[in-house]
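Subject: Structure handover

Hello,

Here is the structure I promised to pass on. My notes follow below it.

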Amino acid sequence: MIAAQAVRVLILLVILGITIACLIAGRYVAAILISGVAWLTYLWGTLRPNCSWFGEVLSHMPGGEVAITIDDGPDPATTPALLAILRTAKVNATFFLIGERAVAHPRLVEAIRADGHDIGNHTQTHPQFAFWALGPWRMWREIRACQVSLQNAPAYFRSPVGHTNPFVSPVLKQLGLRRVAWSARGYDAVRKDVDGIMADLFTDLKSGSIVLIHDATPVCSEVLERLIAEINRRGLRTALLPPTAALHPGGVCADHASL
Ligand SMILES: [Zn+2]
């Protein structure tokens, strides 16, 4: 898989070389067309959360259960309520925590662990607008610092907004992390209409879904409660993300992306 990623990066570099050659030769239209195609290809691989062009990604549960994943915590204003809802429902989830927030609220991290939930790496500072463009050193610092903040517990990594680039996969490999995306979401981090959030989320909710919701929003408790109620109504079972050792290598750039 690493070799396949290296080939893709090499192809992009070759295209860059051809573009430069076209510019030197004065073939400006050809240079614009070639570089445009290369740039769009690169963006496709970096901005699509389930795309595995630049690294393997898990986006469906191999066993058919539903995995609830909760990003962007911990937050003292909302995380305790989410934990109470999960406790009442006897459901476990994976919390993808932001490292600097975990350092600021260690008791919340302990509470998450004490209730049997998993903790994932969601970068140290959550650079959501710049993540796709981070270079190798900043990428290493973001992911490594979060891993340290979470005491090296995470086995899974979720990138901010689901973006990636060619520098993510080498860092994950070195730290023993696997990238996970999602297959159902309702854009609850940026919306307040819970009916609309749930409608979008329920459209893709099915056996094997990895559901993405967010902590630290005004609607997160209601979203979680309604999600669990719908999972139960449909007779679906919930589970934590599978042990990474049980995953198989592979992956495609589609909704069927898997490890
Ligand atoms: Zn996030």
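The protein splits into two domains: domain 1 covers 2–47 and domain 2 covers 67–246. Bear in mind that this is a predicted model. The C-alpha centres of the two domains lie 34 Å apart. Four residues of domain 1 are in contact with six residues of domain 2. On the domain 1 side, α1 (2–24) and α2 (28–47) each supply at least two residues of the side that touches domain 2. By class, that side has two nonpolar, two polar and no charged residues.

Next, a helix pair. In general, two packed helices are described by the angle between their axes and the distance between the axes. Here the pair is α8 (residues 194–204) and α9 (residues 220–233). Their axes come within 11 Å and cross at roughly 40°. An angle under 35 degrees would count as roughly parallel, and 65 to 115 as roughly perpendicular. α8 and α9 are therefore oblique to each other. Their crossing is right-handed.

Which residues of α8 and α9 meet? From α8 come Val194, Ile197, Met198, Leu201 and Phe202. From α9 come Glu222, Val223, Arg226, Leu227 and Glu230. By class, this contact has seven nonpolar, no polar and three charged residues.

Arg226 and Pro76 are 150 residues apart in sequence. In space, their C-alpha atoms are 21 Å apart.

Then Leu236, in the segment after α9. Leu236 has 16 C-beta neighbours inside 10 Å and therefore counts as partly exposed. Leaving out residues up to four places away in sequence, Leu236 touches Val66, Ser207 and Ile231. Leu236 and Val180 are 56 residues apart in sequence, with 21 Å from C-alpha to C-alpha.

Now the backbone. As a general point, most residues other than glycine have a negative phi, and most peptide bonds are trans.

- Gly73 to Pro74: the peptide bond is cis, with omega near 0°. Pro74 lies in the loop between β1 (67–73) and α3 (79–89).
- Lys90: phi is near 55°, a positive value in a residue other than glycine. Lys90 lies in the loop between α3 and β2 (94–97). With 9 C-beta neighbours inside 10 Å, Lys90 counts as exposed.
- Val161: phi is positive, about 60°, although Val161 is not a glycine. Val161 lies in the loop between β4 (156–157) and α7 (168–175). Val161 has 16 other C-beta atoms within 10 Å, so Val161 is partly exposed.

Best wishes

Key. Residues numbered from 1 in each chain as written. Predicted model: local features only at pLDDT ≥ 70, side-chain atom pairs only at ≥ 80, totals over all residues. Axes fitted to C-alpha atoms, helices over the stretch in contact; angles between N-to-C directions. Helix = DSSP H or I, 4+ residues; strand = E, 2+ residues; numbered from the N terminus. Parallel < 35°, antiparallel > 145°, perpendicular 65-115°, else oblique. Left-handed = near helix turned anticlockwise from the far one by under 90°. Contact = placed C-beta atoms within 7 Å. Nonpolar A, V, L, I, M, F, W, Y, C, P; charged D, E, K, R; others polar. Buried ≥ 20, exposed ≤ 12 C-beta atoms within 10 Å, placed from the backbone. Domains from an automatic or database assignment.
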